Amino acid sequence: MSTPNHLSLEPIAIVGVGARLPGAPRADQFWKNLAAGVESIERIPEEMIASRRDPQGRLPPTFVPRGTFIPDTELFDCGLFGVSVRDAKLMDPQQRLFIEQCWVAAEDAGYPIERLGQRVGVYGGAAPSRHVLDVLENFGQDSTTMFEALAIGSTNAMAMRTSHLFDLRGESIYLHTACSTSLVAIDLACRALRLGRIDAALAGAVALWIPQQVGYEHMDGMIQSSDGHVRAFDARADGTVWGFGVAVVALKRLDHALRDGDPIRAVIRAVGVNNDGATKQSFAAPSAAGQAEVIALAYREAGLDPRSVSFLEAHGTGTSVGDPIEVAGLNQVFGGLHPPRSLPLGSVKPNIGHLDPAAGVASLLKVTLSLQNELIPATLHFETPNPKIEFERGPFFVNQAPLPWPRQASAPRRAAINSFGVGGTNAHLVVEEAPLPAPRPADPMPYHLVTLSGRSSGVVQRMATELADHLHEHPETALADVALTRNLGRRHFDVRRAVVAGSTSELARLLAQPLEPKMTTGGRVAFLFPGQGAQRLGMLSELLSLDPELARDLEDALALVERYTQKNPRRWLNPATDERAALELELAETRYTQPMLFAVEYSLARAWSRWGVNPVASLGHSVGEYVAACLAGVLRPTEAIKLLALRGALIQGLPRGAMLAIHGSGDLAGELAAGLAVDVAAVNGPEQTVLSGSLEAIDALQARAEARGAPVTRLKTSHAFHSRMLDPILKAFEAEVQKVNLKAPQQPYISNLSGDWIRPEEATSPQYWADHLRQPVRFAAGLNTLASASDVWLEVGPGEALTRLAAGAARAAGKVVAASLPPRAPHEHAGFLGAVGQLYEAGVSVDLEKLSHRSPGRRVSLPAYPFEGQWCAFYAPDEVRTLGPAAPTEAKKARPDGPRLEPRPEVPGQPYVAPQGPEETKIAEVMGRLLGIEPYGASDDLLEFGGHSLVVVHVIGELGRAFGVPITAREVLELRTPEQLGQRVKEKLSGKDPGEES
């Protein structure tokens with residue numbers, strides 16, 4: 001015996017599964033059915049039975065009205081997968097099912113499919129089908145359609161089509177070895193992984209015949225059962241029942257899966273594949289010798305002992321010939337290695353029928369779930385052993401009841417799977433339980449952000465409901481795992497919702513409530529930096545322990561504050577209870593407030609940048625402009641804090657003053673202030689003006705306002721900022737600014753003085769910064785300027801003063817406004833994550849991976865994307881499909897020259913626009929028909945709706961004939977809407993061809 005190659009010993013992890021099987025739209029339901037002993041082979045509908053009756057109402061004497069059913073195989077999420085309705089109809093439904101479950105398997109592994117690995121291989125096969133004939137019957141039999149039917153529509157293309165749709169760069173292989181197809185596909189995937197040719201793999205198979213549930217006629221000597229039940233290994237066994245379904249597994253090398261923290265469901269230790277050759281009576285007959293050889297081969301190549309296997313999932317078709325031969329082959333290998341009747345022997349086919357090429361992967365899924373749940377399901381319909389099977393000569397017994405299968409400390413549990421194909425290609429696979437996960441560290445995060453996104457509001461709402469149901473069913477799921485899997489393990493679309501929760505139960509409760517998914521508005525963020533009045537004791541203290549980099553940045557800034565104020569600012573962040581009152585008064589002193597606010601806001605802005613949020617512009621309110629200027633490179637943090645400490649000290653030395661916000665028009669503020677020694681300090685909005693002056697003047701102003709019933713707010717300030725009371729310190733402050741080397745801004749921000757973009761000559765002028773201290777803050781004008789350059793306004797600082805001020809302008813301009821540290825949040829972390837969620841919903845590219853880097857979360861199995869199916873069958877939804885899939889009648893065709901057209905899919909942010917004029921109308925009709933939809937809009941993009949090179953060929957030909965002018969491929973690809981291409985056609989018809997101009 002040759003020494004096994006070390007590559008052949010490398011275990012392969014099953015990290016994800018996707019399945020739609022009889023009675024089970026998902027893998028978790030499949031397990032529930034298995035554990036409960038559910039048979040998913042069912043009686044076919046009465047209308048289908050009626051279609052088999054002769055004119056006298058009689059059924060064929062051996063007709064068996066039973067079968068399996070996979071619902072909604074006519075539906076496909078064309079928009080999600082970037083496929084036109086026409087192409088979806090060209091595709092064999094098996095191809096569509098395989099594509100869907102590849103997506104599901106990747107998401108089950110905790111990855112969007114395009115990020116499963118750098119090189120992902122795709123391996124799969126399908127059952128024979130007459131779909132190509134249906135395509136030619138409906139689309140015509142010209143050479144172009146023939147090419148499309150074979151290149152796009154047949155199952156031969158399904159692996160390559162999957163790779164193309166998801167940009168998967170590993171090898172793509174379609175194969176067919178009859179009933180052993182899926183295990184042979186998995187073997188190819190394992191070999192490629194062990195050789196390092198790919199990083200991850202998607203492997204499986206699909207079986208579907210349209211129409212489904214037609215029943216069958218039992219014939220002696222054939223493979224199908226006489227009563228519509230599969231009785232594997234039983235004395236009454238006389239055949240199988242064909243089943244329909246699809247299953248795909250996502251695979252990675254075990255060491256890579258452990259490294260990446262993937263959810264490992266089970267481990268493939270060995271796969272053997274061979275062919276019987278001529279060692280049997282006929283091509284279609286099985287061979288005990290060939291089967292025994294492949295079983296021994298698997299253990300020999302992997303260096304495993306067959307005695308380590310504690311369960312065997314057989315091919316077990318329930319045929320009178322196949323079952324005895326299979327057990328005879330098993331006995332040749334396992335005989336004498338186990339005590340008599342000690343090794344359970346099972347088959348999944350009595351539950352779901354024989355899935356032909358998908359039979360092996362269905363068995364693998366059963367074994368994987370059995371290992372995870374520590375239970376071997378019962379084999380249905382087994383009562384009396386088949387007398388032709390030599391159970392007494394081997395170690396096997398068929399378990400008639402579920403068997404506990406607990407983990408053992410001494411050795412890992414292993415199971416083996418047989419899958420044998422007509423024609424003699426045999427496969428034997430050995431599966432091992434997954435290693436126990438490493439101990440989980442404590443979660444330092446008190447809250448987590450969980451994101452949901454889809455292509456429509458309905459999808460996101462359904463996603464929330466399914467996730468809530470899953471968490472109710474699995475309350476042990478760690479919140480950190482849910483957050484990491486949802487945030488990093490899913491593709492992000494334009495319709496979004498974000499939820500902040502402190503526990504799994506709270507998340508489930510919030511998800512179960514009605515959600516309002518948001519359509520992204522754009523990703524351009526502007527920072528708003530608040531001024532004096534926003535400060536509070538303990539600001540940022542709760543967030544610091546969760547972000548060491550933020551803590552380091554703030555400590556650097558606080559050291560500067562301490563240097564220039566001679567006060568320890570850390571006492572304001574972590575105040576002792578008995579000192580809070582005194583410290584609050586101290587922090588309110590302008591000489592401390594202003595440098596302290598800068599330290600907090602500048603550190604928080606740097607943190608947002610690390611989290612992927614970089615502003616396109618900034619707007620500060622009063623001292624907040626210093627943070628904007630510092631981020632723009634006008635001055636360094638050291639210089640800014642020094643200037644602000646001096647600025648605050650100068651103001652502190654002035655007589656005390658006051659400030660009053662007038663809630664009303666600017667005219668009202670002017671009327672109330674008439675004759676009083678007050679100045680406009682800030683214009684915060686069309687309905688809010690802040691006036692500033694001496695205590696006596698502001699008292700008088702407030703009395704006037706209250707006498708008139710005008711709403712006002714007395715601000716909590718110690719001095720009359722931005723008023724004449726600051727005039728005595730302006731020259732001294734300007735002299736200090738002259739000592740700073742001011743530089744031209746490298747990023748745009750808005751001036752408080754003008755409400756417009758800062759100019760280099762302003763930012764570098766000491767006079768500007770003196771005027772900035774004295775003149776009013778034109779915040780409302782700044783917001784108007786900001787509106788044209790940004791989509792989201794983020795307040796970067798403590799509180800939400802600017803968020804409230806900007807709310808009206810944001811609504812009017814269609815902007816999103818959020819506060820980094822809203823005071824009403826139960827914890828700073830919750831408030832901060834709430835802001836992250838608002839940004840995410842708006843379409844900002846927040847680095848969710850960076851946000852998760854300190855979380856102990858792991859990828860886990862969660863509900864996959866809920867596909868939003870569009871009808872993609874040749875027949876109408878209300879048409880009863882009977883045996884012999886006839887072409888639709890003319891009455892049921894939408895057009896006489898092709899299959900029926902489906903409604904135009906709704907595209908978020910892209911409403912239907914009716915074409916104008918004969919050129920646009922004709923182009924829209926042609927493009928829509930070639931894409932399989934109607935109506936087709938004037939601004940609908942051919943490529944965005946699933947068009948490709950073959951569709952372009954059709955467009956060129958039809959439009960050339962319709963208009964009598966040449967249309968080139970380049971024109972169609974550049975002018976992809978009826979509106980654009982229609983204008984070019986008009987120019988050609990008028991004799992002015994822009995292509996000839998130079």
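Predicted model: local features only at pLDDT ≥ 70, side-chain atom pairs only at ≥ 80, totals over all residues.
Trainee: Okay, and is α9 enclosed or out in the open?
Mentor: Largely enclosed by the rest of the structure, because 12 of its 14 residues are buried. Among them are T181, L183, I186, D187 and R194.

Trainee: What comes after α9?
Mentor: G196 follows α9, and the phi of G196 is positive, near 75 degrees.

Trainee: Switching to cores. Which residues touch the most other members in the largest nonpolar one?
Mentor: Those are F81, W103, L116, L202, L507 and L511, in a core of 103 residues. Helix α5 (residues 93-108) gives the largest share of that core, eight residues.

Trainee: What does F81 touch, leaving aside its neighbours within four places in sequence?
Mentor: F81 is in contact with F76, I99, E100, W103, L165, F166 and F867. There's also a second, separate core of 100 residues, which includes Y602, L773, F779 and V796.

Trainee: Now sheets. What's the strand order in the five-stranded one?
Mentor: That open sheet goes β28-β23-β22-β29-β30, with parallel pairing. On the edges sit β28 (749-750) and β30 (816-821), each pairing on one side only.

Trainee: How many bridges join β22 to β29?
Mentor: Four, between β22 (residues 525-529) and β29 (residues 792-798). V525 stands opposite V792 of β29.

Trainee: Which helices pack on that sheet?
Mentor: Helix α22 (residues 590-610) packs there and touches β22, β29 and β30. The direction of α22 makes about 135 degrees with that of β29. Helix α23 (residues 624-631) packs on the sheet too, touching β22, β23 and β28. For α23, the angle is about 135 degrees with the direction of β22.

Trainee: And the four-stranded sheet, how is that one arranged?
Mentor: It's an open sheet in the order β25-β26-β24-β27, and the pairing is antiparallel. Its edge strands are β25 (678-685) and β27 (712-714). From one strand to the next, the twist averages 25 degrees.

Trainee: How many bridges join β24 and β26?
Mentor: Seven bridges join β24 (residues 657-663) to β26 (residues 688-694).

Trainee: I clicked on R704. Where does that residue lie?
Mentor: R704 lies in helix α26 (residues 695-708). With 33% relative accessibility, R704 counts as partly exposed.

Trainee: Why partly exposed?
Mentor: Buried means under 20% and exposed means over 50%, so 33% falls in between.

Trainee: What does R704 touch, not counting residues up to four places away in sequence?
Mentor: R704 touches E671, L672, A673, A674 and L676. E671 is 33 residues from R704 along the chain, and their C-alpha atoms are separated by 9.8 Å.

Trainee: Last one: how do α24 and α27 cross?
Mentor: The axes of α24 (residues 637-652) and α27 (residues 730-737) come within 11 Å and cross at roughly 170 degrees. That makes α24 roughly antiparallel to α27, since angles over 145 degrees count that way.

Trainee: Which residues make the contact?
Mentor: From α24 it's L643, L646, R647 and L650, and from α27 it's F733, E736 and V737.

Conventions:
Residues numbered from 1 in each chain as written. Heavy atoms only, no water. Pairing = 2+ DSSP bridges. Helix = DSSP H or I, 4+ residues; strand = E, 2+ residues; numbered from the N terminus. Axes fitted to C-alpha atoms, helices over the stretch in contact; angles between N-to-C directions. Buried < 20%, exposed > 50% of the residue type's maximum accessible area, 1.4 Å probe, protein only. Core = buried A, V, L, I, M, F, W, Y, C linked by side-chain atoms within 4.5 Å. Contact = heavy atoms within 4.5 Å. Parallel < 35°, antiparallel > 145°, perpendicular 65-115°, else oblique.
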